[in-house]
Each structure stands twice: as structure tokens, then as C-alpha cells.
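My notes follow in the order I looked things up.

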Amino acid sequence: MQKDFLEVDYTSRQRRRVKVVLAITIASILASLLITYAILVITGSEKLLIIFVIATMAPAIIAPITSWSVIGLMIKVQKLEEAHRRQATYDDLTGLLTRRALMNQGDALLKLCVRNKQPFVLALLDLDNFKSINDLHGHGGGDEVLKVFARIMRSAMRESDLVGRLGGEEFAIVLPGSTLNDAQRVLERIRQETQDTQVEYLDAVIFLTVSAGLAVKHEEASKGFTTLIKQADDALYQAKERGRNLIVLSEI
């Protein structure tokens, strides 16, 4: 889907480029003719047809070449800037938000929910025994597992939710406006689908499970985003200690 979007975006930019070049060329021709006519009137020179032909042909040749190159360079610079922004915002492997992007956007959403007195839930998820998967199937197998798990999470998310990769096999989900019951249903769906998923890599089949910790913003306690991260991480640790493939709610 991302590739198709980029192709469509590139096509639309090229169309705009053609329109801008055409507009610049027409404006240059009209300006050239106007200046030429003014000079002929001021100097009292004879208004010969060849003079107006030259005044038309010169900008008609020079303007498209010059403006096409300049606009093309501007488009390349813009694409590079967008690529750098995307690299800072999205994880290359999974397409999910990076740690920094999720922390920034999650903090902004938390403040909005606090201001509007809406519920807010944060979940940390960690694939169980991921080191063993890497050891048995190599980093290629591990990467395939991460991509499959990212798709599972995205399929369970609303447009208003955030999902990001914090690093390695650890992920985070931000559920603004969701009640605890809503969040638990989402996490259980992800846990169950992960458990039922078989990742095929080369000649092997890889089985997955995931553990998760939940932290909730309560009306009576104003918590910062980093505090919720810490509480969700503590709950995740409890899920691992209790046998993995579990969802645990922070007790704080």
C-alpha cells in the first residue's frame, strides 16, 4: 500500500511540475513581448514581425528548460526531507512508529485526554522467547516474525490509536478514549491471534506468543506519559514472571 501511495504521489507531483513549467513559460513569453513592445515604443523603433518572433521564441525555449530543472531539484530536496522525516517517525522494518515518535505523540494524546477528561490506556507488549527465535532461525526469521506481529497489531487498532516499536521485540499501543474493558478486549484479540499465528520462514514454521502489561490513567490521579510507561512495563514484567502469554494490569 505504501508503494502505491508513493507512486501516486510522484505522479501527481510530476503533473503539477508540468503545469507550473507551462505557467512560467506563458508568463515569460507575455513579459518578453510586453517589454519588447515598450522598448520599441520608447525608442521609436519600427515594430518588425521578426522582433516579436524572437521575443516569443527566446523565453519559449529558455523558460521551460530552466524552470523544469529548478522545480525538479526542489522536488528532489522535498522528497529527501520527507524521507528523513519518515525515517525518524516510522520503523523501517515494521512500518510502526519509532520510540521517539510514539513517546511524543502519546504524550500529546495523554494531555488531550486529561484536558477533555477522557480515559486513556497504554499497553506494552513483548514477544515471548524472541531470542530463541533469533537463535534458531536467524535474524531473517526474527525479522519476519516482527513484521507479521506488526500486521496483527495494526489490524486490531482504530485510526485514533497509536502503535509503535520501542526496540527489539518490544512494542507499545496507545488507546486514547478507550476504557479499560475496551483495551483488554483489544489486547486479548492480539494475544489470541498471535498465539494462533504460524509464521512460515524458509522450511520452518515459527509459533508465537506475546505478553502484555496495561496501565490506565485514572481520573483521580494525574499521571505523565513516562509514568504510565513505567507502570505498564512493571505489569509486563509480571506477565513474564507468571508464565508468559498473559495480559496483566498494572496494580498501581
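This is a predicted model: local features need pLDDT of at least 70, side-chain atom pairs count only at pLDDT 80 or more; totals for chains, interfaces and linings use all residues.

I started with Leu 125 and skipped its neighbours within four places in sequence. Leu 125 is in contact (heavy atoms within 4.5 Å) with Phe 149, Met 153, Glu 169, Glu 170, Phe 171, Ile 173, Leu 187, Ile 190, Val 210, Ser 211 and Ala 212.

Residues are numbered from 1 along each chain as its sequence is written, and side-chain values use heavy atoms, with hydrogens and water left out.

**Cores**

Which residues have the most contacts inside the largest nonpolar core? I found Leu 125 again, along with Met 153, Ile 173 and Ile 190, in a core of 31 residues. By nonpolar core I mean buried Ala, Val, Leu, Ile, Met, Phe, Trp, Tyr and Cys residues joined through side-chain atoms within 4.5 Å. Buried is under 20% relative accessible area, exposed is over 50%, and partly exposed lies in between, with a 1.4 Å probe and protein chains only.

Strand E1 (120–127), H4, strand E3 (170–176), H5 and strand E6 (210–217) each give two or more residues to this core. H4 has the largest share, with 10 residues. I also noted a second, separate core of 19 residues, which includes Phe 120, Leu 166, Leu 228 and Ile 229. In soluble globular proteins, nonpolar side chains tend to be buried together.

**The whole chain**

I counted six helices and seven strands. Both are DSSP runs numbered from the N terminus: helices are H or I with at least four residues, strands are E with at least two. Along the sequence the pattern reads α-α-α-β-α-β-β-α-β-β-β-α-β. Of the 252 residues, 37% count as buried.

**Helix pairs**

Next I looked at H4 (residues 130–156) and H5 (residues 180–196), whose axes come within 10 Å and cross at roughly 145°. Axes here are lines fitted to C-alpha atoms, for helices over the stretch in contact, and angles run from 0 to 180 degrees between N-to-C directions. On the H4 side I see Phe 149, Ile 152, Met 153, Ser 155 and Ala 156, and on the H5 side Val 186, Arg 189, Ile 190, Glu 193 and Thr 194.

Then I took H3 (residues 99–115) and H6 (residues 225–241), whose axes come within 9 Å and cross at roughly 110°. H3 and H6 are therefore roughly perpendicular, a label for 65 to 115 degrees. Here Leu 102, Met 103, Gly 106, Asp 107 and Leu 110 of H3 meet Phe 225, Thr 226, Leu 228 and Ile 229 of H6.

Is Arg 165 buried or exposed? Arg 165 sits in strand E2 (residues 162–167) and is buried, because its relative accessible area is 17%. Beyond the neighbours within four places in sequence, its contacts include Asp 91, Arg 99, Leu 146 and Glu 170. Gly 95 is 70 residues away in sequence but 8.9 Å away in space, C-alpha to C-alpha.

Lys 117, in the loop between H3 and E1, is exposed, with a relative accessible area of 66%. I checked Gly 177 too: it lies 60 residues from Lys 117 along the chain, and their C-alpha atoms are separated by 9.2 Å.

Technical notes
Angles under 35 degrees count as roughly parallel, over 145 as roughly antiparallel, 65 to 115 as roughly perpendicular and the rest as oblique.
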